Amino acid sequence: MKIVVIGGSGLIGSKVVDRLGAQGHEAVPASPKTGVNTLTGEGVADALAGAEVVVDVSNSPSLEGAAALEFFETSTRTLLAAASDAGVGHYVALSIVGSDRLPDSGYMRAKVAQEKLIVASGIPYSVVHATQFFEFLGGIVDAATDGDTVHLAPVLIQPMAADDVAAAVAEIALGAPTNSMIDVAGPEQFQLDELGRSFLADQQDRRRTVVADPDARYFGAKLSERSLVPADGARIPGTALAD
């Protein structure tokens, strides 16, 4: 099949392209680096011509709510219109576990808006809800840092490897559309504050100290105990944090 991977030059997208290509599919990486701009529409129609599947793993360059909303709404509308014109039979998008449970976060509201556009488009779809990547733990800690103190809520988190995210997205892209949300997560749950301490210890960062702060915000959102973990029935790949 011809499968166009939007955001195909990024962390997840490049892994998806490699996996699909290794299985004999024509996996086309589409991003501004390859002349495809979903905000302006440049190159989108040409890239999607003849495609059977579109995989959107692109991300907003900004986590700020208004900027993220503009990115996801503009980009998704452009892609859905082009996918409809091209007769694409399966639209796959990568989103986040808990996106609909964190309305305080402007970024999460933007992801929910993206999902709603996909569901309403009439194109057969699958939306993959992934937990945070192991590779993003440093970003979580940095965002929660105030001086030498890292404020993290003592709630559950179930992160996963970027390789496993890509594998799940590729597998779902090759299957029939589910017309639903599919949760994927890592095999282990941690307390977020404890995970932060482990990360700092692993990085030999003795300057910062993690405190368990129930009121700490997670990229602008107040967390409950299970805001960041998947629903029952999630797909659970096997790569553990220690691996």
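This is a predicted model: local features need pLDDT of at least 70, side-chain atom pairs count only at pLDDT 80 or more; totals for chains, interfaces and linings use all residues.

Biologist: Thanks! How many helices and strands does the chain have?

Modeller: The chain has 7 helices and 13 strands.

Biologist: And what is its radius of gyration?

Modeller: The radius of gyration is 18 Å, and a compact globule of 243 residues would come out near 18 Å, so the chain agrees with that expectation. Its C-alpha atoms fill a box of roughly 55 × 35 × 35 Å along the principal axes.

Biologist: What share of the residues counts as buried?

Modeller: Of the 243 residues, 49% are buried. Looking at contacts with a separation of 6 or more, 81% come from residues 24 or more positions apart.

Biologist: Nice. Which residues have the most contacts inside the largest nonpolar core?

Modeller: Those are Ile12, Val55, Val92, Leu94, Val165 and Val169, in a core of 26 residues. Several elements supply at least two residues each, among them strand S1 (2-6), helix H1 (11-22) and strand S4 (90-96). Helix H6 gives the most, with 8 residues.

Biologist: Let's zoom in on valine 169. What is it in contact with, neighbours within four places aside?

Modeller: Valine 169 is in contact with Val16, Val55, Val57, Val92, Leu94 and Val128. There is also a second, separate core of 25 residues, which includes Ala153, Val155, Leu195 and Leu200.

Biologist: Changing topic: how many positive and negative side chains are there?

Modeller: There are 17 positive and 31 negative side chains, and the centres of the two sets lie 3 Å apart. As for the surface, the chain exposes about 10,700 Å², with carbon and sulfur atoms supplying 49% of it.

Biologist: Which residue other than glycine has a positive phi?

Modeller: Asparagine 179 is one of them, with a phi of about 50°. Asparagine 179 sits in the loop between H6 and S9. Phenylalanine 219 also has a positive phi, near 50°, and lies in the loop between strand S12 (217-218) and S13.

Biologist: Last one: where is serine 224?

Modeller: Serine 224 is in the segment after strand S13 (221-222). Serine 224 and aspartate 205 are 19 residues apart in sequence, and their C-alpha atoms are 28 Å apart in space.

Key: Residues are numbered from 1 along each chain as its sequence is written. Side-chain values use heavy atoms; hydrogens and water are left out. Helices (H or I, at least four residues) and strands (E, at least two) are DSSP runs, numbered from the N terminus. The radius of gyration is taken over C-alpha atoms; the globule rule is 2.2 Å times the number of residues to the power 0.38. Buried means under 20% relative accessible area, exposed over 50%, partly exposed in between (1.4 Å probe, protein chains only). Contact means heavy atoms within 4.5 Å. Accessible areas come from the Shrake-Rupley method with a 1.4 Å probe; for residues, only the protein chains shown count as cover. Lys and Arg count as positive and Asp and Glu as negative; His and the chain ends are not counted. The place of a charge is taken as NZ of Lys, CZ of Arg, CG of Asp or CD of Glu. A nonpolar core is a set of buried Ala, Val, Leu, Ile, Met, Phe, Trp, Tyr and Cys residues joined through side-chain atoms within 4.5 Å.
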